[in-house]
Amino acid sequence: MPSYTVTVATGSQWFAGTDDYVYLSLEGTAGCSERHLLDKPFYNDFERGAVDSYDVTVEEDLGEIQLIKIEKRKYWYQDDWYLKYITVKTPMGDYLEFPCYRWITDEKEIVLRDGRAKLPRDDKTQILKQHRRKELETRQKMYRWKEWHPGFPLSIDAHSHSDLPRDIQFDNEKGVDFILNYSKAMENLYVNRFMHMFQSSWSDFADFERIFVRISNTISEYVMQHWKEDFMFGYQFLNGCNPVLIRRCTEIPKKLPVTMDMVECSLERNLTLEEEVKQGNIFIVDYELLDGVDANKTDPCTIQYLAAPICLLYKNLENKIVPIAIQLGQKPGPDNPIFLPSDASYDWLLAKIWVRSSDFHIHQTVTHLLRTHLVSEVFSIAMFRQLPAVHPLFKLLVPHMRFTIAINTKAREQLICECGLFDKANATGGGGHVQMVQKAMKDLTYSSLCFPEEIKAKGMDSKEDIPYYYYRDDGIKVWEAIKSFAEDVIHIYYESDEVVCEDVELQAFVKDIYVYGMRGVKASGFPKTIRTREKLAEYLTVIIFTTSAQHAAVNFGQYDWCSWIPNAPPTMRCPPPTEKGTVTIEQIVESLPDRGRSCWHLGAVWALSQFQDNELFLGMYPDEHFVEKPVKEAMAKFRKNLDEIVNAIAERNKNKKLPYYYLSPDRIPNSVAV
């Protein structure tokens with residue numbers, strides 16, 4: 001009688017093993033096997049990290065194995081089991097791989113197909129077509145869209161982390177408990193003694209050092225030492241944790257009535273301001289989005305303030321970007337002066353602090369939350385709803401969706417919810433952050449997520465003109481590496497543009513993102529359909545780059561750039577100055593966050609800057625969803641390209657006081673998970 005050798009691999013996560021009854025049956029083109037008992041209680045099989053083998057004897061040859069059915073029956077208590085994969089050695093000596101990488105919960109049967117990726121057109125038999133359809137029907141019931149706030153991209157329909165499907169939950173929920181992590185961070189930073197001291201001001205700038213963890217030769221220490229300097233202020237627009245706002249100024253806006261007399265002493269080329277603009281030496285950052293946003297009112301004992309500044313910057317003869325004019329409101333007038341480097345030092349310093357505070361708010365809520373976290377969740381939900389596990393694009397994308405829905409659900413549960421942690425220290429808490437996302441949706445376009453296109457649209461693409469824009473340089477290298485990998489995978493499975501058009505699951509995936517993620521807004525520029533391999537490669541690059549590199553660029557530098565409180569105040573406790581010549585050091589310190597808010601802020605930026613335990617970085621794919629040799633060769637080529645980028649960045653960073661490493665692939669996690 002024919003005998004099949006079945007090998008079963010259990011995950012290595014905590015509590016991945018099971019003591020339940022486990023049954024297996026094989027289904028082939030020539031028939032089905034009986035149900036075989038593989039494990040029962042106290043047999044010590046299917047333990048965490050184990051690989052167990054069994055001989056399954058059948059009455060007659062089953063033909064080509066198409067499906068494996070795994071059934072778990074409860075012995076005593078709920079005992080979830082994480083099944084990595086099953087391999088089958090046929091009587092002819094052939095090996096088949098059946099990837100799973102899922103939790104098997106309750107008393108359910110799961111059906112696995114072999115690991116070869118298949119498009120809908122590749123399935124010829126009714127049994128495979130039915131399996132494909134049934135998987136998506138089941139998933140669409142589990143992964144439902146829900147509106148969290150009007151105007152937001154839709155998110156997952158779950159009130160808490162525990163409501164999520166088991167497959168997308170964190171392995172250890174405590175590891176992502178924001179309250180626990182923030183408190184732990186404050187304890188580790190030795191600042192927990194200050195955490196309840198709200199309304200208690202610091203005495204001077206040096207007093208902030210009492211909560212500043214001085215780590216030698218780090219960016220955070222360098223920031224603390226040089227934060228007042230115009231060079232450091234300008235540098236952050238290029239390579240800080242929010243390097244996405246600066247654009248080349250092609251015309252001085254009417255709402256910023258800067259004159260030549262005001263800035264003449266800052267210009268170094270003996271040109272007029274208009275001539276400097278024409279030569280491309282003037283840059284602008286406009287925080288208009290903050291205009292009209294309500295400041296946090298959750299603490300009646302502390303009035304908090306927001307501003308919507310406009311900052312004009314200049315590329316000097318050393319090719320450094322420095323500020324030359326700051327207006328703290330959008331409407332010009334006598335009570336909204338334009339602050340200049342030639343003003344009294346405290347006037348100029350406070351104006352820069354207000355810009356840094358505004359930059360912090362835009363960074364946290366728009367650059368970070370909306371444009372990486374919420375957008376990545378849209379990609380994740382659409383993928384689970386519309387792409388079955390056998391689809392090559394599911395296999396390509398699933399590593400880049402790891403824990404994204406879980407971290408966002410946890411954030412809505414504890415961090416950005418009403419009375420959440422975000423309200424404790426941030427001037428945009430208490431609802432202002434919601435208004436900001438709603439306003440920012442109009443600028444969330446497909447082209448703005450295409451990295452090279454967005455850099456070019458801002459006039460920031462010239463390496464010769466702007467030589468120290470490492471975010472741009474490294475980002476384009478990583479973008480090209482991802483795009484090359486996506487193209488390689490596409491050409492393995494899509495032999496022509498016609499095949500792309502015919503892929504109904506791909507088209508449903510794209511439509512889901514447009515309709516639910518972008519709320520069907522035509523102006524977003526998100527495609528409703530994809531008709532060419534070239535467009536598909538770009539689309540997949542947008543998804544992978546956003547979920548990995550873009551998030552890394554704007555997330556993991558938060559402690560570096562924001563731990564020195566005066567450089568990134570999360571709130572301001574006095575209104576913006578309305579006249580010049582009156583600012584004192586006491587007024588500046590009184591404006592900055594109190595001790596309690598400073599500590600909560602510090603705990604937040606520390607916790608958010610840490611990698612996950614067992615982090616998987618770009619190009620690392622330990623879960624082998626793909627089994628075909630051509631794809632594994634494409635992955636090896638991708639890793640080689642990434643290694644070259646890592647080496648080039650390391651070489652450039654040698655001996656730099658301010659190294660830029662956020663887009664080094666060995667520091668880019670595969671997915672948004674923190």
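**Figure 1. Overall fold of the predicted model, with 21 helices and 16 strands in the protein.** Helices (H or I, at least four residues) and strands (E, at least two) are DSSP runs, numbered from the N terminus. The radius of gyration, taken over C-alpha atoms with a globule rule of 2.2 Å times the number of residues to the power 0.38, is 28 Å, close to the 26 Å that the rule gives for 674 residues, so the protein is as compact as a globular protein of that length. Along the principal axes, the C-alpha atoms fill a box of roughly 95 × 55 × 45 Å. This is a predicted model, in which local features need pLDDT of at least 70 and side-chain atom pairs count only at pLDDT 80 or more, while totals for chains, interfaces and linings use all residues. Residues are numbered from 1 along each chain as its sequence is written, and side-chain values use heavy atoms, with hydrogens and water left out.

**Figure 2. The two assigned domains, domain 1 (3-114) and domain 2 (367-554 + 620-667).** The domain bounds come from an automatic or database domain assignment, and the centres of domain 1 and domain 2, taken over C-alpha atoms, are separated by 35 Å. Five residues from domain 1 and seven residues from domain 2 take part in the contact between them, where contact means heavy atoms within 4.5 Å.

Figure 3. The buried residues of α3 are I219, S220, E221, Y222, V223, M224 and H226, and their cover includes α4 (230-239) and α18 (558-562). For the protein as a whole, 60% of the 674 residues count as buried.

**Figure 4. P332 in the loop between β15 (321-327) and β16 (338-339).** With a relative accessibility of 40%, P332 counts as partly exposed. Leaving aside neighbours within four places in sequence, P332 is in contact with K254, K255, P257 and Q327. The C-alpha atoms of P332 and E454, which are 122 residues apart along the chain, are separated by 29 Å.

Key: Buried means under 20% relative accessible area, exposed over 50%, partly exposed in between (1.4 Å probe, protein chains only).
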